[in-house]
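Please open the structure in a viewer in which residues can be selected by chain and number. The stops below are arranged as a tour, each beginning with a selection.

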Amino acid sequence: MDNAQPRLVMKKIVKEFPGVRALSGVNLTLYPGEVHAIMGENGAGKSTLIKVLTGVYPIDGGAVEYEGKKVIIKSPLEAQLLGISTVYQEVNLCTNLSVTENIFIGREIKKNGKLNWRKMHNQAKKLLEGLQLQIDVTKLLSSYSVAIQQMIAIARALNVSAKVLILDEPTSSLDRDEVNQLFSVIRKLKNEGLAIVFISHFLDQIYEITDRLTVLRNGEYIGEYMTKDIPRMDLVSKMIGKELVEMKKIESLAENKTSLNQSFLSTELLGLQGKIDPFSIQINKGEILGLAGLLGAGRTELARLLFGADQPDKGHIHLKGKQIKFSSPKQAIYEKIGFCSENRKSEGIIPDLTVRENMILVIQGKYGWFRFISKEKQREIADEYISLLNINPANPEQLIENLSGGNQQKVILARWLITNPELLILDEPTRGIDIGAKTEIMKLMTNLSKEGTSILFISSEIEEILRACDRVAVLRDRKLEKEFNNNEELTQQKLMKEMAGGV
Amino acid sequence: MIQRLPLGYKQLPLVATVSIFILMYGFGSFRYTGFLSSQVFLNLLIDNSFLIVLAVGMTFVIISGGIDLSVGSVIALTSMVAASLTMNANLSPLIVVPICLLVGSIIGGVQGSLIHFFNLQPFIVTLAGMFLARGLSYVISVETIAIDHPFFDFMANTRIPILGDSFITISVLIALIIVIIAVFIGHSTKFGRNVYAIGGSEQSANLMGLPVGRTKILIYTFSGFCASVGGLIFTFYMRSGYGLHANGMELDTIAAVVIGGTLLTGGAGYVAGSLFGVLILGIIQTIIVYEGTLSSWWTKIAIGVLLLLFIVLQRIIVIRSEKKQNSS
């Protein structure tokens with residue numbers, strides 16, 4: 001394979017944003033018939049590298065050679081015409097168009113100057129059947145789940161005579177079967193001579209599917225390795241630049257904690273028709289309660305009821321022993337409840353505001369807009385939390401949209417921490433962020449609970465739940481199924497069985 | 001539980017529009033003698049042919065997520081250019097008509113370019129275009145210029161007989177041809193589908209490699225072109241050029257498009273819907289004329305109520321489909 005001519009060579013790529021050097025001297029070499037992983041923490045520059053390669057951002061320095069010729073790619077369209085197709089992390093399709101259109105738009109099939117819908121529908125169907133997906137292609141994209149939309153995005157990328165296929169976090173919203181399905185497609189394409197770039201935070205998947213990998217850290221090129229030759233621990237330490245010992249630390253922290261058996265918030269058959277069946281749950285002071293369940297089990301729905309974002313039609317909430325009703329999140333905030341949505345992009349950050357402005361939103365809202373927090377005070381708060389949460393870049397005046405996902409998440413966390421919450425609801429706070437940031441966030445959770453903050457921790461990753469939580473509640477099919485104390489007897493298998501049900 | 005409609009949610013506003021039109025027509029026929037005649041229906045087309053053309057251009061603009069406020073003023077400017085070139089410069093219609101069409105298209109194209117290249121809000125850019133075009137028509141003349149020319153007489157007075165005694169005018173023919181072309185563009189051309197994609201998500205459209213910039217410029221050029229065609233039809237109708245012509249007509253156009261079922265936030269809508277939107281505006285006027293005792297301002301009230309109704313209807317549909325997606 002090494003003797004083969006590389007399909008694509010990127011040399012000494014530099015990309016700068018105002019105030020951030022996103023890429024400095026990054027190399028990437030892709031060979032045909034190979035799956036190549038780009039590894040790095042959030043903010044390492046993976047997404048930027050992809051966007052530079054596909055012409056979304058112009059290159060500030062360095063050179064790109066494609067099939068032996070020097071090229072400058074100026075737009076996504078040019079990249080596609082060259083045969084470089086991308087499936088982005090967030091599904092970037094148009095939900096108001098049909099499945100067929102999403103696959104074909106930009107390269108429609110025509111007949112006598114007219115779009116040939118019938119032929120496109122047929123081909124779309126065939127293409128999706130190749131991905132073992134049998135759906136009605138004439139329906140709107142918005143009528144399908146994110147997992148299916150993801151497969152459609154891949155079908156779209158395959159539909160061009162692609163020579164380089166870039167998959168940016170394609171598996172983050174897929175379940176295990178769908179991942180296997182995707183991997184069999186990837187293997188098939190690899191054998192057909194495609195050069196595939198695969199980005200994922202799941203190390204298992206990297207070792208399962210990739211042949212070679214390039215490691216980036218803080219926008220710098222660390223090195224290129226054959227996947228089978230590099231042990232996991234070496235890879236992780238190359239990505240984060242230090243030996244990873246924190247993982248164990250968390251566990252020891254969790255053990256030291258003595259949970260106070262004092263209820264902070266409890267519910268009595270609280271429910272909302274069509275969202276979640278009535279549930280009774282208790283969250284104690286200083287406790288981390290894990291909420292486990294498959295996608296669509298009703299975890300977010302439950303959290304939204306507790307935060308007053310949705311109104312229950314049944315049952316009651318008791319806060320510190322008193323019955324209370326939240327008619328809006330504002331009231332919940334006054335009762336010192338914080339809620340980090342799983343939807344960081346649309347329900348978390350305000351992309352056009354700075355880190356500082358994003359941080360102070362809730363506390364300022366709580367004060368009311370007439371008691372303005374002075375700019376110096378804001379700066380002070382922002383600086384404090386930037387250093388506390390290790391936010392990178394450490395510039396409070398940076399626009400939040402220029403930060404990586406993990407750092408955005410930390411800013412959102414800071415937004416709530418500033419308000420000194422007594423209950424913090426974290427909905428998938430670790431999704432799509434790297435191990436380093438995950439560890440930091442979980443460490444933070446443990447510290448908070450030691451100081452008496454209750455935490456409702458929602459996560460799809462059972463390992464994380466088992467590592468951090470005192471108790472675990474399992475949801476299945478919009479119903480609270482069971483609660484467990486997190487001790488030695490609670491295993492991943494046991495939890496998984498409960499989540500899957502039927503046994 | 002509500003029965004699932006066999007139609008997709010996206011067709012619902014269109015169905016609502018057509019049903020409302022039929023209902024109102026039925027109401028009129030039931031209440032007034034002589035209402036149920038083919039000529040009354042055809043008069044709707046005759047009296048509103050310029051609005052139909054405007055609405056066609058506006059439909060594309062709104063589907064793409066934009067807005068074009070300049071169309072009313074472009075009508076006035078077109079009428080002034082047509083009138084002054086015909087009457088003062090004594091040019092042949094063979095020259096005047098292409099120049100008029102060019103004026104609207106250029107204004108549209110420039111607006112589209114500004115919106116794309118400088119990433120400006122369509123609202124502001126076309127608001128500026130609106131003032132500019134209106135002002136320019138006064139630069140040509142502050143007075144009305146009456147047109148007395150065989151070509152304009154021919155265009156205004158020719159009756160094309162259909163269905164026995166009934167007739168339509170050349171303007172209606174032009175408007176319907178434009179509707180048919182636009183339906184084809186919207187459904188069966190790359191450009192048309194790109195418009196929908198941009199309205200759905202401009203960022204996604206860009207990442208999918210669609211020519212977002214070119215499409216946007218073309219959308220506003222097309223809207224400008226439609227405005228100048230509408231301007232010519234308006235000039236045939238009024239047989240004069242005047243700077244006050246079609247004052248505020250951009251808002252009527254937007255109303256017609258929204259009543260026609262196009263989502264103001266972009267991404268969904270049909271040209272055929274806009275045709276019915278215009279016809280609904282027309283039939284409200286007709287009913288008020290037939291009623292005889294009502295002030296013509298009742299038209300505005302009826303339009304206002306209908307607009308609100310449609311916006312609420314659209315919102316309900318959007319909320320419903322979001323809910324549906326969440327629960328799936």
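A charge is said to sit over a ring if NZ of Lys or CZ of Arg is within 6 Å of the ring centre and within 35 degrees of the ring normal. Before the first selection, note that this is a predicted model, in which local features need pLDDT of at least 70 and side-chain atom pairs count only at pLDDT 80 or more, while totals for chains, interfaces and linings use all residues. Residues are numbered from 1 along each chain as its sequence is written, chains are lettered from A and ligands numbered from 1 in the order in which they are written, and side-chain values use heavy atoms, with hydrogens and water left out.

**Charges over rings**

Select Arg193(B) and Tyr196(B): Arg193(B) lies over the face of Tyr196(B), at 4.4 Å from the ring centre. Next, select Arg159(B) and Phe167(B); here the charged end of Arg159(B) sits over the ring of Phe167(B), 3.9 Å from the centre of that ring.

**The interface**

Two salt bridges are found across the interface of chain A and chain B.

Now display the whole interface. In it, 28 residues from chain A and 26 residues from chain B take part in the contact (heavy atoms within 4.5 Å). Chain A and chain B bury about 2300 Å² between them, 57% of it on carbon and sulfur atoms; this area is the accessible area (1.4 Å probe) that two parts lose on being put together, summed over both.

**Aromatic pairs**

A pair of aromatic rings is described by the distance of the centres and the angle of the planes. Rings of Phe, Tyr and Trp (its six-membered ring) pair if their centres lie within 6.5 Å; planes under 30 degrees apart count as stacked, over 60 as edge-to-face and the rest as tilted. Over all chains, the search finds 19 aromatic pairs. Select Phe307(A) and Trp416(A), an edge-to-face pair with 5.9 Å centre to centre and 85 degrees between the planes. Buried denotes under 20% relative accessible area, exposed over 50%, and partly exposed in between (1.4 Å probe, protein chains only). Phe307(A) is buried, at a relative accessible area of 6%, and Trp416(A) is buried, also at 6%.

Move to Phe151(B) and Phe152(B), an edge-to-face pair at 5.4 Å centre to centre and 85 degrees between the planes. Phe151(B) is partly exposed at 23% relative accessibility, whereas Phe152(B) is buried at 1%. Then select Phe21(B), Tyr25(B), Tyr32(B), Phe35(B), Phe41(B), Phe276(B) and Tyr290(B), which ring pairs link into a cluster.

Select Ser105(B), placed in helix 4 (residues 93-117) of chain B; helices (H or I, at least four residues) and strands (E, at least two) are DSSP runs, numbered from the N terminus. Which residues does Ser105(B) contact, leaving aside its neighbours within four places in sequence? They are Thr221(B), Gly224(B), Phe225(B) and Ser228(B). Ser105(B) is buried, with a relative accessible area of 16%, and a polar atom of its side chain lies 2.8 Å from the backbone oxygen of Leu101(B).

Finally, select Arg476(A) in strand 22 (residues 471-476) of chain A. Arg476(A) is buried, with a relative accessible area of 18%, and a polar atom of its side chain lies 2.6 Å from the backbone oxygen of Glu498(A).

Conventions
Salt bridge = Lys/Arg side-chain N within 4 Å of Asp/Glu carboxyl O. Polar contact = N/O pair within 3.5 Å; in protein donor to acceptor, adjacent residues only side chain to side chain.
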